[in-house]
Amino acid sequence: MSRYPKGYRKPTDSCDGCLAWGDFSGRLCPACYLFGRSHATAVCIGCSRTQPLKWDYCRLCWCQARLGAQAAVDRPHADADVRARLNAVRHHQLFFMGMHHRNGSAPVPRPRGGRRGAPRKPPPAPAWRPNADCRQLPLFGQVPRDYGRLDPADADLASLWLAWAKYLAHQLAEARGWGRGIRFAVNRGLALVLTGYVEGDVIRHTEIFAPLRALGLRVGHVVTVLEEMGIFEDDSEPSFEGWLAERLEGLAPGIHSDAERWTRVLRDGGPRSLPRREGTVWLYLNRVRPALLKWSSRYDHLREVTRDDVLAYVKTLHGRRRHDQLVALRSLFIWAKRNGLIFRNPTSRIKVGQYEYAVLQPLVPDQVDRSVAVATTPATRLILALAAVHAARVAQIGTLMLDDVDLGNRRLTIAGRVRPLDDLTLKLLLDWLEHRRSRWPNTANLHLLINNQTATKTSRASNHWISAAMRGQDATLERLRVDRQLEEALTHGPDPLHLAEIFGLDEKTAMRYADSARALLEQAAEQHLR
């Protein structure tokens, strides 16, 4: 909880750690805050203050030692290590936040080589899995390890397993375009988890996740190397299990057990049913949950629910909610009757009815203009064109690969259907490819759209990232896609076969667009006659 009242702006102040003067929130500047997250607190040898220490010295002493090393130009110890000057610190030069190491703040010796910065480290020597022919067999089984109690300074850097891991990490970094920061974090994490490792041990996700996350290291990239070594086990609980336990909370024990079995059959399939998509499983359980919560206050099992209970509950629903919840309840009770959990299906002979869709309405120009105005990056412009011109869904945009783009023949393959590239989409596509090449030149991700998170991996960008720019607008990506298909029906006539051929729509969906276009055309004709 903040120590300042809501709406209060903290004035310019000095940091409690490095005493730097600046504008920041809290009592520590950002650099001291990050420094304190990875270092233990004790009494500093240099200034006798109780602060987070790195090799027994606080960050303020380290800044002063660095400043002294930079000022020692053309002296015998100009190239001496900063740590060697820590003992010589006798005073502290105070500074403004973020200015103690800025270029030009202190004289520095001229670089001797043409390359800026420290010389590039040579690649690790080739290494392979250590020979396990001569080894001491363990007397007991593997004992769970507490990696959080291991000090990174005590890591075994001479381990043969670490040498093999670093070599594999270097190969993965070259293949996937990992930057210098990622490589350093991965090597540090490998040194931490492989210290004391012996042949036959298994490194588990639950054991290393918290310690690596506390040090700010790349858990996913470290896991990639450990999986390549064949010594990793993912024992983390799937998100589906936590979601299922939350959704079933509050149900009667008998209803809880039956609903859980039904949900798992929906997801995994059964002897007489195919597995459903996880999104469909979420929808079905969320739709039956209100009814099950209401019946759990009176009944202990599903077999106690009667037809009158279902009718009484359905009467409180209207429109789309009634249709969706009744379909989900019928699925639950049909499964329960088939498996002998209930005697009669209380939802039988209750008509769901054909849902009457409203007439689809086209977007007005102002709504489209506002969405175009918020598309300010090459990625968002291309995403907008794919949805508004080619009627591509968000998931289809995320799964597009570089091989789906044929610039020479001006063709684009979306969901297996080849579409011609218009001039606008071609220009936006070329702009994005140029931006992608300059921003992530070494990426190995073959997906067309990538970001900072997926550029070092091989997975696709999330739907949330793709639709983020248009979220909150009237013309969202889904509305733009619908508007494009409706425009096709209005321009070329309400022919469902034409729509199905152009966009690959299901027959019922194509008929819905055709019906909406026909209604809009008839309405326009009536207004014209008036």
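Student: Is Trp-55 buried or exposed?

Tutor: This is a predicted model, and in it Trp-55 is exposed, because its relative accessible area is 53% and the cut-off for exposed is over 50%.

Student: Which ring does Trp-55 pair with, and how do I read such a pair?

Tutor: A pair of aromatic rings is described by the distance of the centres and the angle of the planes. Here Trp-55 forms a tilted pair with Trp-62, with 6.2 Å from centre to centre and 45° between the planes. Trp-62 counts as buried, because its relative accessibility is 9%. Another tilted pair joins Phe-240 and Trp-243, at 5.7 Å and 40°.

Student: Where do Phe-240 and Trp-243 lie?

Tutor: Both belong to helix α7 (residues 239-247), three residues apart, or about one turn of the helix.

Student: Now for pockets: what lines the second largest pocket?

Tutor: Rolling a probe the size of a water molecule over the atoms shows where empty space is left. The second largest pocket has a volume of about 1300 Å³ and is lined by 31 residues, with Arg-320, Tyr-357, Lys-508, Thr-509 and Arg-512 nearest its centre.

Student: Which element gives the largest share of that lining?

Tutor: Helix α19 does, with seven residues. By class, the lining has 13 nonpolar, seven polar and 11 charged residues.

Terms used: Residues numbered from 1 in each chain as written. Predicted model: local features only at pLDDT ≥ 70, side-chain atom pairs only at ≥ 80, totals over all residues. Heavy atoms only, no water. 1 Å grid on protein atoms, 1.4 Å probe; cavity = no way out; pocket = protein on both sides within 12 Å on 5 of 7 lines; lining within 4 Å. Points joined across faces, edges and corners; volume = space filled by probe spheres on them. Helix = DSSP H or I, 4+ residues; strand = E, 2+ residues; numbered from the N terminus. Nonpolar A, V, L, I, M, F, W, Y, C, P; charged D, E, K, R; others polar. Phe/Tyr/Trp six-rings, centres within 6.5 Å; stacked < 30°, edge-to-face > 60°. Buried < 20%, exposed > 50% of the residue type's maximum accessible area, 1.4 Å probe, protein only.
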